[in-house]
Amino acid sequence: MPDSNTDSLSILSDLIAQAKKAGADAADAVLVEGDSLSHGQRLGKLEKIERAEGKDLGLRVFVGQRSATVSSTDFKKDALREAVERAIAMAKLAPEDKYAGIAEAGQLATSWPEIDMLDPAEPTPEQLAERAGAMEEAALAVAGVSNSEGAEASWGRATVSLVTSAGFAGRYARSSQGVSVSVIAARDGEMETDYDYTSAVYAADLEDPALVGRRAGERTVRKLGPRKAKTAQVPILFEPRMARSLIGHLLGAITGPSVARGTSFLKDRLGQRIFAPGIAIIDDPHRTRGMRSKPFDGEGLANGRTDIIQDGVLTTWLLDLASARQLGLSSTGHAGRGTGGPPSPTSSNTHLAAGTMTPQQLMADIEQGFYVTEMMGHGANMVTGDYSRGAAGYWIEKGEIAYPVSEITIAGNLKDMFLRLTPADDLVFKGSTDAPTVRIDGMTVAGS
């Protein structure tokens with residue numbers, strides 16, 4: 001495996017030179033190198049310990065406006081030569097796409113920031129076992145927890161190198177690690193299960209595994225004895241891990257291809273207010289120790305912080321070069337790139353900015369309401385915005401959590417939900433998309 005900047009970039013540069021010599025008008029290539037280590041256990045007994053190392057290369061070539069992408073895990077000279085020949089032959093047979101093409105030299109990033117997103121220390125298998133063991137032990141120690149579905153600790157490191165025939169060559173590396181546990185609680189013949197986790201770029205930023213394990217156990221026990229809820233229109237609170245999915249629906253609706261195809265419920269809303277005044281949603285690929293930080297985008301363009309929602313107003317789409325050309329706009333530097341296909345727009349580290357009230361203050365005036373801690377299904381229609389999902393959580397009475405509820409459906413329309421959304425002050429950065437607790441009034445709860 002290449003072990004230096006020069007190795008990976010020279011492999012890609014040579015490949016592109018071969019593609020040009022074989023008849024490509026333009027080309028780009030990406031190399032992803034990865035290492036990972038994971039430990040899994042259940043009831044204190046080892047169930048798995050895995051280590052993986054790999055590298056994967058993707059080459060995209062253009063013959064006029066026709067293009068093709070090939071990938072390879074074989075880095076022998078003959079194999080790479082065959083990959084180039086195959087890519088050229090495929091491109092000549094592909095349909096023309098007037099929007100496709102690599103970035104021109106003048107569009108490319110010429111410098112980029114150094115971002116703190118790689119923990120140089122690789123954990124040992126013993127360290128992962130210690131983290132998973134502490135988390136599972138703490139969860140099982142919670143009164144009412146009767147069994148474990150297992151605990152897992154993992155670590156990974158990825159290095160991404162990108163070269164284009166227009167003159168770009170760049171490379172970055174990032175790490176990630178996490179610990180999770182899922183347990184079962186039982187009472188009077190009933191069983192419930194729940195989980196919790198911690199994840200970070202640096203091991204030092206992980207939450208105490210014992211604390212997270214205890215929280216997982218307590219979450220599970222609290223779910224015992226659920227009741228049914230009656231159909232009503234009430235305020236709903238989404239806990240942070242559920243609120244993140246709402247931001248995910250927004251991101252899906254503002255990606256360039258969805259807008260260009262006219263398949264987004266927000267396709268006509270650029271520059272308009274879609275959230276309440278004061279609401280901010282930020283995407284920042286340069287966040288220090290961000291889970292999806294990167295110094296440039298997947299096409300070699302400069303990237304940076306984007307205020308997607310500013311004072312409630314939708315300010316931008318998420319665009320790569322192809323979707324930007326289709327919409328008559330400029331790329332926003334949001335291209336993501338794998339080895340198996342062309343670039344496509346994607347977010348990086350995205351969060352809904354915290355509000356000023358605590359979750360308790362958000363629910364204080366609710367006579368009857370619902371606090372969502374679990375959702376099932378994918379019931380969001382991205383063309384119309386109609387939203388309907390199975391859910392479980394807790395019923396709210398007179399501003400307080402009253403009792404667990406399950407087997408209900410929550411419904412609304414994302415356009416109305418966004419306008420009625422109020423964030424709490426409990427934002428914590430845990431993943432690539434983060435949100436605090438949010439309250440949305442006027443949704444329908446369908447139960448018994």
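**View 1. Aromatic pairs in the predicted model.** Eight aromatic pairs occur in the structure; rings of Phe, Tyr and Trp (its six-membered ring) pair if their centres lie within 6.5 Å, and planes under 30 degrees apart count as stacked, over 60 as edge-to-face and the rest as tilted. Tyr195 and Tyr197 are stacked, because their ring centres are 6.5 Å apart and their planes stand at 20°. Trp112, Phe168, Tyr172 and Phe296 are joined into a cluster by ring pairs. The model is predicted: local features need pLDDT of at least 70, side-chain atom pairs count only at pLDDT 80 or more, and totals for chains, interfaces and linings use all residues. Residues are numbered from 1 along each chain as its sequence is written, and side-chain values use heavy atoms, with hydrogens and water left out.

**View 2. Charges over rings.** A charge sits over a ring if NZ of Lys or CZ of Arg is within 6 Å of the ring centre and within 35 degrees of the ring normal. The charged end of Arg227 sits over the ring of Tyr403, 3.8 Å from its centre. For Arg287 the ring is that of Phe429, with the centre at 4.0 Å.

View 3. Thr198 is buried, at a relative accessible area of 3% (buried means under 20% relative accessible area, exposed over 50%, partly exposed in between; 1.4 Å probe, protein chains only). Leaving aside neighbours within four places in sequence, Thr198 is in contact (heavy atoms within 4.5 Å) with residues including Met135, Gln177, Leu206 and Val212. The side chain of Thr198 also reaches the backbone nitrogen of Glu207 at 2.9 Å.

Conventions:
A polar contact is a pair of N or O atoms within 3.5 Å; within protein, one must be able to donate a hydrogen and the other to accept it, and residues adjacent in sequence count only if both atoms are side-chain atoms.
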